[in-house]
Amino acid sequence: IVLPVMSSMAFSAFNCDKIDREEWFMTVDPTISCQDEQRINAVFLAGVIVAIFPVGVPLVLFTQLYINRRQIMERRTRSGDKELGYIVFLFRLYHPEYWYLPVVDIVRRLVLTSGLIVIKDPTIQLLVALAVSIGFIVVFRELKPFSEIETD
């Protein structure tokens, strides 16, 4: 829950709307001009948050899955060995050979929430969301990556 919310808030700091004929203001706070020092500080902070949340978190999770991929692929139960207990929540729903898919799914969710914020045109937003959603439906349908048939 925290990842999409923080990411969406961070990405929204980059957007500006033209309110007056010649002046641009922040979309999230129309009292702040896009040329104002407050906006520059907000964009810097948003950049840090983007580096931590939508980039850093999936990267750290992928690294942990990658390091443990052999144990995940050789597991005999959905949860695997006790050494995997700290990351079991990521992979237990997937067949072992799809150890990386939890991170792919996190990226999908980020694109469909935070990523669409940077696209200004609502029509393009809709088309991107539709393309990403249909693309992942097809991928998940073909791969059948989930341990339980009902989830596939």
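The legends below describe close-up views of a predicted model.

Residues are numbered from 1 along each chain as its sequence is written, and side-chain values use heavy atoms, with hydrogens and water left out. Local features need pLDDT of at least 70 and side-chain atom pairs count only at pLDDT 80 or more, while totals for chains, interfaces and linings use all residues.

View 1. Phe-25 belongs to strand β2, residues 24-26. Strands (E, at least two residues) and helices (H or I, at least four) are DSSP runs numbered from the N terminus. Phe-25 is buried, at 14% relative accessibility; buried means under 20% relative accessible area, exposed over 50%, and partly exposed in between, with a 1.4 Å probe and protein chains only. Not counting residues up to four places away in sequence, Phe-25 touches Asn-15, Cys-16, Asp-17, Ile-19 and Asp-20, and also Pro-30, Thr-31, Ile-32, Ser-33 and Cys-34. Contact means heavy atoms within 4.5 Å. Arg-39 is 14 residues from Phe-25 in sequence, with 9.0 Å between the C-alpha atoms.

**View 2. Nonpolar cores.** A nonpolar core is a set of buried Ala, Val, Leu, Ile, Met, Phe, Trp, Tyr and Cys residues joined through side-chain atoms within 4.5 Å. The largest has 13 residues, and Leu-65, Ile-72, Ile-87 and Phe-91 have the most contacts inside it. At least two residues of this core come from each of α2, α4 (88-91) and α5 (101-113). Leaving aside neighbours within four places in sequence, Phe-91 is in contact with Leu-65, Ile-72, Arg-75, Arg-78, Ser-79, Leu-84 and Pro-102. A second, separate core has ten residues, including Ile-32, Cys-34, Ala-46 and Val-50. In soluble globular proteins, nonpolar side chains tend to be buried together.

View 3. Phe-44, Leu-45, Val-48 and Ile-52 make a nonpolar surface patch of about 400 Å². Patches are made of residues with over 30% relative accessible area and no salt bridge, joined within 9 Å for like charges and within 5 Å for nonpolar side chains (Val, Leu, Ile, Met, Phe, Trp, Tyr). Accessible areas come from the Shrake-Rupley method with a 1.4 Å probe, and for residues only the protein chains shown count as cover. Ile-52 lies in helix α2, residues 37-67, and is partly exposed, with a relative accessible area of 47%. Val-55 is also placed in helix α2, where its relative accessibility of 48% counts as partly exposed.

**View 4. Aromatic pair Tyr-66 and Trp-99.** Rings of Phe, Tyr and Trp (its six-membered ring) pair if their centres lie within 6.5 Å; planes under 30 degrees apart count as stacked, over 60 as edge-to-face and the rest as tilted. The count by this rule is nine aromatic pairs. One of them joins Tyr-66 and Trp-99, a tilted pair with 6.0 Å centre to centre and 55 degrees between the planes. Tyr-66 is in helix α2 and Trp-99 in the loop between α4 and α5, so the pair ties together parts that are 33 residues apart in sequence. Tyr-66 is partly exposed at 39% relative accessibility, whereas Trp-99 is buried at 9%. Ring pairs link Phe-62, Tyr-66, Tyr-98, Trp-99 and Tyr-100 into a cluster.

**View 5. Salt bridge Arg-78 and Glu-148.** A salt bridge is a side-chain nitrogen of Lys or Arg within 4 Å of a carboxyl oxygen of Asp or Glu. The count by this rule is five. Between Arg-78 and Glu-148, the closest N and O atoms are 2.9 Å apart. Arg-78 sits in the loop between α3 (69-73) and α4, and Glu-148 in the segment after α6 (122-143), so the pair ties together parts that are 70 residues apart in sequence. Arg-78 is partly exposed at 34% relative accessibility, and Glu-148 is partly exposed at 35%.

View 6. The side chains of Asp-105 and Arg-108 form a salt bridge at 2.7 Å, N to O. Both residues lie in helix α5, three residues apart, about one turn of the helix. Asp-105 is buried, with a relative accessible area of 8%. A network of salt bridges links Asp-105, Arg-108 and Arg-109. Arg-141 and Glu-142 meet through their side chains in a salt bridge of 2.5 Å, N to O. Arg-141 is partly exposed, with a relative accessible area of 47%, whereas Glu-142 is exposed at 53%.
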